[in-house]
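Please look through the sequence and the 3D structure shown here. A report on them follows.

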Amino acid sequence: MESILFYLTAVVAIFSAFFVTKCRNPVNSALCLVTTFLCLAVFYVMLEAPFMAAIQIMVYAGAIMVLIIFVIMLLNLGSAVKSRTTHGMAAGGILAAIMLFLTNYFIRRGDATGVGEEITSHMIKQYGHTELIGKAMFTDFLLPFEIASILLLVAIVGAVVLSKRKV
Amino acid sequence: MISIHHYLLLSAILFSIGCFGVLTRKNAIVIFMCIELMLNSVNLTFIALSRHVGNMDGQIFVFFVMTVAAAEAAVGLALMIAFYRNKESIEVDNFNMLKW
């Protein structure tokens, strides 16, 4: 049952990811990308990370994609002219295929071993995924968390400065 | 139970598709979306391995990747709007003002 769900979702994810690169209208690409993000959220649930799935849907499929579609509509981009199959396209395909084969090779070569099985699925059911994430984030990762907040502040200021007409 | 290799192979496929899109498309916004796709495939790797080794640190890292992606989206799209104002186009072939 679980493997049927996995393969169905994987097929949908791969095809919609492929259509992100193939659609001529950017709006269609954006909608395909939303589908891919939703499939990834399904995988996160299957990997017992429900908090990450919620964040994926709210932040990626919600906020970031709304921003992208907003800019596409604002710039009023039409469909791209039908591009011929050029040498650049063939080179891109070959490079991507080489990368796929190399990663596949290295994935099959070794085995990832555990670091003592700290978090079991029993623990996730008992405490809840959000609590475990929160504990790790506000104890061991407190400094990166604060740095991330500064990064977001800088991004807000940068976006405002860049899109103002006169500074 | 799905083995870890299935997830890793799936994220490798998604990463390669994103890489293909970045290398072949001309529209800057589509390239941007392909970069988001690559970031997401890396997130899938992080979560799958984090589950496999039973450690929460990978998922915290995904959190920070999402933060950086949000910041990148805000600044990158503002750059594209500023560029469109000057050139009336966002084809990457026109991004040549720094070329000497």
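Chain A is divided into domain 1 (1-78) and domain 2 (119-167), with bounds that come from an automatic or database domain assignment. The centres of domain 1 of chain A and domain 2 of chain A, taken over C-alpha atoms, are separated by 21 Å. Their contact takes four residues from domain 1 of chain A and five residues from domain 2 of chain A; two residues are in contact if their C-beta atoms, placed from the backbone, lie within 7 Å. The side of domain 1 of chain A that touches domain 2 of chain A has three nonpolar, no polar and one charged residues. In these classes, Ala, Val, Leu, Ile, Met, Phe, Trp, Tyr, Cys and Pro count as nonpolar, Asp, Glu, Lys and Arg as charged, and the others, Gly among them, as polar.

This is a predicted model, in which local features need pLDDT of at least 70 and side-chain atom pairs count only at pLDDT 80 or more, while totals for chains, interfaces and linings use all residues. Residues are numbered from 1 along each chain as its sequence is written, and chains are lettered from A and ligands numbered from 1 in the order in which they are written. The model scores ipTM 0.92 and pTM 0.90. The mean pLDDT of chain B is 89, and 99% of its residues reach 70 or more; pLDDT is the predictor's confidence in each residue, from 0 to 100. Among the elements of chain B, helix 2 of chain B has the highest mean pLDDT (92) and helix 3 of chain B the lowest (90). Where pLDDT is low, the predicted coordinates should not be read in detail.

**The two chains together**

Contacts between the chains involve 61 residues of chain B and 66 residues of chain A. On the side of chain B that touches chain A, the elements giving two or more residues are helix 1 (4-24), helix 2 (28-53) and helix 3 (57-87) of chain B. Helices (H or I, at least four residues) and strands (E, at least two) are DSSP runs, numbered from the N terminus. Helix 3 of chain B gives the largest share of that side, 21 residues. By class, the side of chain B that touches chain A has 44 nonpolar, 12 polar and five charged residues.

**Helices**

Helix 3 of chain A covers residues 50-75, and its 26 residues should span 38 Å at 1.5 Å a residue; its end C-alpha atoms are 36 Å apart, which agrees. The expected span of a helix is 1.5 Å times one less than its number of residues. Helix 3 of chain A bends by about 35 degrees at M65(A), where the bend is the angle between axes fitted to the seven residues ending there and the seven starting there. The buried residues of helix 3 of chain A include M52(A), Y60(A), I64(A) and I72(A). A residue is buried if 20 or more other C-beta atoms lie within 10 Å of its own, exposed if 12 or fewer, and partly exposed in between. The buried residues of helix 3 of chain A pack against helix 2 (26-46) of chain A together with helix 2 and helix 3 of chain B. After helix 3 of chain A comes N76(A), whose phi is positive, near 55 degrees.

Helix 1 of chain B has 21 residues and reaches 31 Å from its first C-alpha to its last, close to the 30 Å expected. Because 15 of these 21 residues are buried, helix 1 of chain B is largely enclosed by the rest of the structure.

**Single residues**

T21(A) has its place in helix 1 (residues 2-22) of chain A. Leaving aside neighbours within four places in sequence, T21(A) is in contact with residues of chain B, including I17(B), F20(B) and C34(B). The C-alpha atoms of T21(A) and L33(A), 12 residues apart along the chain, are separated by 9.5 Å.

V65(B) lies in helix 3 of chain B. Not counting residues up to four places away in sequence, V65(B) touches L39(B), V42(B) and N43(B). Between the C-alpha atoms of V65(B) and F83(B), 18 residues apart along the chain, the separation is 26 Å.

E48(A), in the loop between helix 2 and helix 3 of chain A, has a positive phi near 60 degrees. E88(B), in the segment after helix 3 of chain B, is not a glycine and has a positive phi of about 60 degrees.

| Residue | Other C-beta atoms within 10 Å | Class |
|---|---|---|
| T21(A) | 24 C-beta atoms | buried |
| V65(B) | 15 C-beta atoms | partly exposed |
| E88(B) | 9 C-beta atoms | exposed |
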